[in-house]
Amino acid sequence: MSSRLLKIKTRKMDKIFLDNSMGQILEKYQSKELTPLDVAQSCVSRVKKLEDKYKAWVCFDEKKLLAEAEKIKLSDNPGNQRLLEGMPVGVKDVFNTTDFPAQMGSKLWENFTPGNDARAVFNIKRQGAIIPGKTVTAEFAVHTPGKTLNPHNIKKSTGTSSSGSAVAVALGMVPSSLGTQTAGSIMRPASFCGVYGCKPSFGLIPRTGILKTTDTLDTVGFFTVFQKDLRRVFDAIRVKGANFPFSNEALNNQNRQNKPENRPWKVAFVRTYTWDNAYDYAQKSMLEFVKKISDMTGIEANEVDLPDIVKNAHKVHGIIYNKTLSYYFKNEFQKPELISPVMSSMIKTGNQISVNDYHKALTEQTEIQSVMDDFFKNYDIIISLSTAGEAQERNETERPDPCLIWTLSHLPAVNIPLFVSPSRLPFGLQVVARKYNDYLLFNFIDYLAELKLIPEKPNPLLNI
């Protein structure tokens, strides 16, 4: 083989995850075009090429990844393939893993080894995934950023705590990665890094063996390179069966998960009370998209105001979040020299919140959830901005955005890497559905993809 052809082949192998969805990789297993070892080697190659600069990983074990890939015995029957067969999946460093430390972005927990897998990690392994390492998180999955850099502009923020997972996907190091969201920790990194990010309905991905910050807000989710892989990862990781009666009934109710054939999609565009924080170019891009889909026969899009109680979402979220941080991290607070000023400040704020005020906030959260459930009697989907626009400078505070509204409401949400700012940096469209209508949400996204209204993979695509 000539050196030129070898370079072309090496480059194609280097970008397996940017050129092929996981479904396409599984098809290539059957045609013998690819093997799990090829896939693992692509992951290793990509990490070796880009990790020193962008720092997505806390730890990465090349030998273990390649050894696990070599063990996989593929069936000649496509029906026997698992959903994530031989796929390297990054895991945010707040999940317990048998083979890696769980350090949670904290000096206090350096080299802590839990010795077990979080249930979500167990679930993806059962579906054939291989864990190559742990991705960088903010300290305790809160606000103080880790070392990871934004691949579109290293001077810009990577978003909140699931930054390593988002960057690993944006760079094509892995086809998917796990993250968590308590406010906007999946949506913001996905928006700022230009990838697909999914925060399913609260409770649909088990939280056993994962760092706890807030009982009624912590949600497990994931990132994917390709839009068409959202459903695949969700199916691989979510809870199933009669032991989960509410979600099981809803997710298997075809009347809930499929739009009636005889009418268009009913879409509510909501500016939310955070709209004025959005940059002018972001507002313009959003309004242009709403106009575009409004002109389509298959979509009935209307601008709608959310119920008044939802305007309290940021306040309610702040009370619940700060109070629970002060409770769960009271031991860490005893060593202030080993926690960040931001974390220390939030714990101090939480210590000043009375138990009575905390209970009132929980009651209001429940009321907001009920109101939002009623809202979806008239609409299939909500659309909003994911963030106020492109990523801000690393040392700047993010502008308020709609993300935590949907987290507080327990609603499923997906960031679509649709928009590009005047400076060619990504920011996202957020699509939201009723609680437990996750498949309806994926169906709507599939519909947008069929119409070529959204990109199939990261946008803008990095040429590195």
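Modeller: Start with Pro460, which sits in the segment after α17 (438-450). Helices here are DSSP runs of H or I with at least four residues, strands are runs of E with at least two, and both are numbered from the N terminus. Pro460 is joined to Asn459 by a cis peptide bond, with omega about -5°. As background, most residues other than glycine have a negative phi, and most peptide bonds are trans.

Before going on, a word on the ground rules. This is a predicted model, so local features need pLDDT of at least 70 and side-chain atom pairs count only at pLDDT 80 or more, while totals for chains, interfaces and linings use all residues. Residues are numbered from 1 along each chain as its sequence is written, and side-chain values use heavy atoms, with hydrogens and water left out.

Back up to α17 itself. Helix α9 (residues 230-237) packs against α17 at about 165°, with the axes 10 Å apart. That makes α9 roughly antiparallel to α17. The axes are lines fitted to C-alpha atoms, for helices over the stretch in contact, and the angles run from 0 to 180 degrees between N-to-C directions. On that scale, under 35 degrees is roughly parallel, over 145 roughly antiparallel, 65 to 115 roughly perpendicular, and the rest oblique. The α9/α17 crossing is left-handed, a label for a near helix turned anticlockwise from the far one by less than a right angle, with clockwise being right-handed. In the contact (heavy atoms within 4.5 Å), α9 brings Leu230, Arg231, Phe234 and Asp235, and α17 brings Asp438, Tyr439, Phe442, Asn443, Ile445 and Asp446. Sorted by class, that gives five nonpolar, one polar and four charged residues. The classes put Ala, Val, Leu, Ile, Met, Phe, Trp, Tyr, Cys and Pro under nonpolar, Asp, Glu, Lys and Arg under charged, and the others, Gly among them, under polar.

Ile445 of that α17 face also touches Val431. Leaving out residues up to four places away in sequence, Val431 has other partners too, including Ile381, Ile382, Ile383, Val414, Ile416, Leu441 and Phe444. Val431 is among the residues with the most contacts inside the largest nonpolar core, which has 140 residues; Phe95, Met372 and Val414 are also on that list. Such a core is a set of buried Ala, Val, Leu, Ile, Met, Phe, Trp, Tyr and Cys residues joined through side-chain atoms within 4.5 Å. Buried means under 20% relative accessible area, exposed over 50%, and partly exposed in between, with a 1.4 Å probe and protein chains only.

Arg424 has a phi near 65°, positive although the residue isn't glycine, and counts as exposed at 55% relative accessibility. Asn111, in the loop between β2 (89-92) and α6 (119-126), also has phi near 65° and is exposed at 61%.

Another set of packed helices involves α13. Helices α13 (residues 313-328) and α14 (residues 341-351) have axes 7 Å apart at about 100°, so they are roughly perpendicular to each other. Here Tyr321, Asn322, Lys323, Leu325 and Ser326 of α13 meet Met343, Met346, Ile347, Thr349, Gly350 and Asn351 of α14. That makes five nonpolar, five polar and one charged residues.

The loop joining α13 to α14 holds Ile339, which is buried at 8%. Its C-alpha is 7.3 Å from that of Ser106, although the two are 233 residues apart along the chain. Beyond four places in sequence, Ile339 contacts Leu108, Glu139, Phe140, Glu332, Phe333, Ser344 and Ile347.

Then there is helix α15 (residues 355-375), whose axis comes within 9 Å of that of α13 and crosses at roughly 135°, so the two are oblique. This crossing is left-handed as well. The α13 side includes Ala313, Val316 and Ile319, and the α15 side includes Tyr358, Ala361 and Leu362. In total the α13/α15 contact has eight nonpolar, two polar and three charged residues. His359 is also in α15, and is partly exposed at 44%.
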